[in-house]
Amino acid sequence: MLLKQILAFRPSRMDLIFAVKTFIAMMMALYVAFSLDLTYPMWAAGTVIIIAQPYAGMVSSKALYRLVGTILGGVLAIFFTPRLIDMPILFTCILSVWVGLCLYISLLDRTPRSYVFMLAGYTTVMIACSSIYNIDSHSVFDMALSRVLEISIAVICSAVVSATIFPAHLGSQLQQRVQKTLDDTRDVFKRILTDAEHSQSYTQLLGGITRDTTDIHGLAVHLAYESGELQGMTKPIQELLHQETMVVSNLVSMSERIFQLDQINQDYRPALQILYEHVVQFLRAQTEIQADQLNQLPPEFEQDFDRLFSLITPEQKVMMNALKMDIRHFIQNVMAVKLLWQLIQKGEKRIPSTIATITTQYPSLHRDHGIAVRSSIAAALATAVSFLIWIYTGWHAGYMMAQLTAVSACILSMLDNPIPALKTFIRGSVYAAMITIFYAFVIMPQVHDFWQLGLVLAPLTIYLASMFPTPMLMMLALPMLINFIMSLGLQNRYMMDAVTLMDTAMAGVMGPIISILAIYFIRAMSPEASARRILSLHYRAMKDALYIPYGTGFRIHLRSMLDRIGILNSKLVQSDELKRAMNQALIESSAVVNLSRIAELSRNDKTLPELKQALKQLQQLLDASFRDQEKHIALNPALKRNVLAQIHEIETLVLREPDFEVQQRIQMGMNNIRSSIFHVQTHGEELQGAAHG
């Protein structure tokens, strides 16, 4: 399959420009490293390849993170190596734990900054291994300094070339993606309020929007490192995306309420069309929004809903009240998004105080501690095993195996199952070894000047680098190019022998194999297993929402839930049961605000004492239900019946509640919990498909 893609590959103009820029930066880094007579000039060339990105901001940020991680790794190597070199087992344990710890922190960050921690882990191993291998000729300080210098050269060369030769800026691309997300949201709103037939694609489309906001959130970090459009707009863009997820939640809830209304009577539909037109006209007219206008509603809003209420049956009244609240919140959240986008377009970084910000110092995104722990254990174990093999076999090239084990155990750990990608990595290493043998013994002996070196490296480097923008091909092209450049061992006093070359090639294969074995037994999981884990975390978050007061803290919690849904929707599962549960998760998240308000209403002094007690009992039943779903995903039918019976009891008791506002809020909350969280209609029948939109 991959071979067919390679044979069919035809680089575009942009692919070739990117590849040529990468080649120029690589040769510049090599030339400077040669001129300074550094120990391993190929490290400078390899770094250029690793940090190669199509956009200038991404190159600059990744280069900076790589430099910081290298310095941190070098400092740790300088500290540990002289003190522990005579205690190899203890040294192995400490290095392995350090690699695992750095990977754990890296996986929790979920932004490009995570590269710093990952690199700090395996750079310590690389410098320590190289120092031990060259112990007779170089000190660990010299090796660390050389590594930092080589990385610095690569960083500077990459940044200069990326910024001066046909620079491509991320800002314009990001601006298009944000605008597309806003347009998609508008289109879904139109379909939900105007389509006479409900479509299963509503929740899928909205799930796609949450996935897109998660992707853009990570890309926005790079804006601080480029000079194009949206420069320095990382925080405002991220806050806009956070607010956009609140809009998504409103849309899902609206869709649920309209579905409920349609099951009883659709006479209200013409009036709903009029409401939609008034809302759209109002939002389109808001071209210059002021911070104090965020709570404004269309002037016809109350009149439109009076008309809607006159067209429905008494049974639909609670649902229409809930829809009214959803549309009010939708308009207010869209106004906040439009205000932020308006300020961003003007180049203003401030976030108005009238907007309850969700952006936090530690981003409000999903974090999977379980996967991070398992990944760190696999990386630590793989590193330890490779070191022990090196120690007890005395293999000359064992240092290279240990280095590549640490690297390969970390670099793909964000995948559910890194093993297929690592197998491709090994395949690339084997292909690179074959090409290296040809170059080393046929071409390189004829090379005597630097311009000749550039000439012989250009065809292969440009061809492989042109594959980098294609994700599937990059998985093979990247390890091929890096292993080829590193295996050549380019130095001012160049020499190559068959034994060293074969040893290096074997080490390049053995390292990833050790990583694969560790990952297979400890870390790898199928998309189905990963989806089940995320669903389990989803229900834990639902349980936590029962005890979080409504406010900014709750909105941050809801943002993390919706971000988790975005990740969940990226899983390609085959199980129909899991697909259904994944679809339901977004619907359930849209009603989570009603869980928070149960506790609020149960403590409200205006609420009747017997109603307070019933709400507290419901809270306990919901807690038990979510705990059960956290373990089994599918809810125990007995628990479900108990919850529904308690909801029915509350709906009976609330009719005696003298405070109309409290009565209305409880009625809406019970309806939304039953319909959106337990997927049951008023008359008790379970909704079919649960993906109606």
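This is a predicted model: local features need pLDDT of at least 70, side-chain atom pairs count only at pLDDT 80 or more; totals for chains, interfaces and linings use all residues.
Colleague: Which helix gives the most to the nonpolar patch?
Modeller: At least two residues of the patch come from each of α2 (13-35) and α7 (140-164). The greatest contribution, with 3 residues, is that of α2.

Colleague: Is His679, which has a positive phi although it is not a glycine, buried or exposed?
Modeller: Most residues other than glycine have a negative phi. His679, placed in the segment after α26, has a phi of about 55 degrees. Since the cut-off for burial is under 20% relative accessible area, His679, at 5% relative accessibility, counts as buried.

Colleague: What is the relative accessible area of Asp37?
Modeller: Asp37 lies in the loop between α2 and α3 (41-51), and although Asp37 is not a glycine, its phi is positive, at about 55 degrees. Asp37 is classed as partly exposed, because its relative accessible area is 39%.

Colleague: How many of the 10 residues of helix α23 are buried?
Modeller: Helix α23, which spans residues 593-602, is mostly covered, and its buried residues pack against α13 (317-345), α20 (527-545), α21 (552-568), α24 (609-632) and α26 (660-677). Among these buried residues are Val593, Leu595, Arg597 and Leu601, and the number of buried residues in α23 is 9.

Note on methods
Residues are numbered from 1 along each chain as its sequence is written. Side-chain values use heavy atoms; hydrogens and water are left out. Buried means under 20% relative accessible area, exposed over 50%, partly exposed in between (1.4 Å probe, protein chains only). Helices (H or I, at least four residues) and strands (E, at least two) are DSSP runs, numbered from the N terminus. Contact means heavy atoms within 4.5 Å.
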